Amino acid sequence: MPAESSDALARAKRDVLERARRVRLMLFDVDGVLTDGKLWYGPAGEALKAFGALDGHGIKLLMQSGVAVALLSGRTSAAVALRAQELGIPHVLQGIDDKRAAFEALCARLGIPEGETGFMGDELVDLPVLRRCGFACAPREAHELVRKQVQYVAQAPAGAGAAREICDLLMRAQGTLDAALARYLA
């Protein structure tokens with residue numbers, strides 16, 4: 001690999017870590033991020049969603065490390081509200097048509113500058129927030145235009161480790177991962 005290419009990769013990695021180090025509020029889209037993006041409908045027309053336990057535990061660890069977490073979704077689903085309650089996620093924004101406005105309002109309400117936030121999204125409707133937050137990331141299945149706009153694309157699949165990868169990356173960058181894992185390794 002040419003030295004110029006390896007220098008560019010090293011700079012990009014440093015940029016990702018520096019951005020991740022500043023995150024005080026991490027937001028996640030739901031469909032296509034915390035789920036695999038498939039929409040299942042039951043016989044009564046209810047939407048069914050499958051969430052990965054790996055992602056859920058990562059979110060809990062991230063919150064325990066001091067980073068606030070929010071869900072920001074264009075859809076409204078009882079399953080999302082239930083999952084958020086189960087994980088203890090305090091900020092659940094559903095049925096949001098204008099994600100940028102909801103993001104800005106949440107930042108203002110929490111007193112967290114946009115540069116100290118992260119967002120993981122997968123679809124074009126997520127771009128307004130991805131372009132404003134301090135750390136933009138996406139699952140590997142995200143739309144091509146989204147993948148081109150973010151600083152980090154997860155290697156793990158959506159709904160099966162992508163969010164956990166981001167949680168671990170944030171904690172590693174902030175120096176809290178070892179403490180979060182210590183109780184399991186004792």
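This is a predicted model: local features need pLDDT of at least 70, side-chain atom pairs count only at pLDDT 80 or more; totals for chains, interfaces and linings use all residues.
Residues are numbered from 1 along each chain as its sequence is written, and side-chain values use heavy atoms, with hydrogens and water left out.

The protein chain contains eight helices and eight strands, where helices (H or I, at least four residues) and strands (E, at least two) are DSSP runs numbered from the N terminus. Its radius of gyration is 16 Å, which agrees with the value near 16 Å for a compact globule of 186 residues; the radius is taken over C-alpha atoms, and the globule rule is 2.2 Å times the number of residues to the power 0.38. Along the principal axes, the C-alpha atoms fill a box of roughly 60 × 45 × 35 Å. Of the 186 residues, 46% count as buried, a term that denotes under 20% relative accessible area, with exposed meaning over 50% and partly exposed the range in between (1.4 Å probe, protein chains only). The chain exposes about 9,500 Å², of which carbon and sulfur atoms supply 54%, as computed by the Shrake-Rupley method with a 1.4 Å probe. Among contacts (heavy atoms within 4.5 Å) between residues at least 6 apart in sequence, 56% join residues at least 24 apart. The chain carries 23 positive and 23 negative side chains, the centres of the two sets lying 3 Å apart; Lys and Arg count as positive and Asp and Glu as negative, while His and the chain ends are not counted, and each charge is placed at NZ of Lys, CZ of Arg, CG of Asp or CD of Glu.

In helix 3 (residues 78–87), the buried residues are Val80, Arg83, Ala84 and Leu87. Seen down the helix axis, these buried residues fall within an arc of 100°, so they line one face of the helix, the arc being that of the directions from the helix axis to the C-beta atoms. The buried residues of helix 3 pack against helix 2 (53–64), strand 4 (68–72) and strand 5 (91–93), whereas Ala78, Leu82, Gln85 and Glu86 are exposed on the other side. Arg83 counts as buried at 16% relative accessibility and, leaving aside neighbours within four places in sequence, is in contact with Phe51, Gly52, Ala53 and Gly56.

Ile59, which lies in helix 2, counts as buried at 1% relative accessibility. Beyond its neighbours within four places in sequence, Ile59 is in contact with Phe28, Leu34, Val69, Ile89 and Cys167. The C-alpha atoms of Ile59 and Ala173, residues 114 apart along the chain, are separated by 15 Å.

Thr117, found in strand 6 (residues 117–120), is buried with a relative accessible area of 0%. With neighbours within four places in sequence left aside, the contacts of Thr117 include Val23, Leu25, Leu27, Cys133, Gly134 and Phe135.

Gln151 is placed in the loop between helix 6 (144–149) and strand 8 (152–153) and is partly exposed, with a relative accessible area of 26%. Leaving aside neighbours within four places in sequence, Gln151 is in contact with Asp15, Val16, Arg19, Gly134, Phe135 and Ala136. The C-alpha atoms of Gln151 and Phe135 are separated by 6.8 Å, although these residues are 16 apart along the chain.
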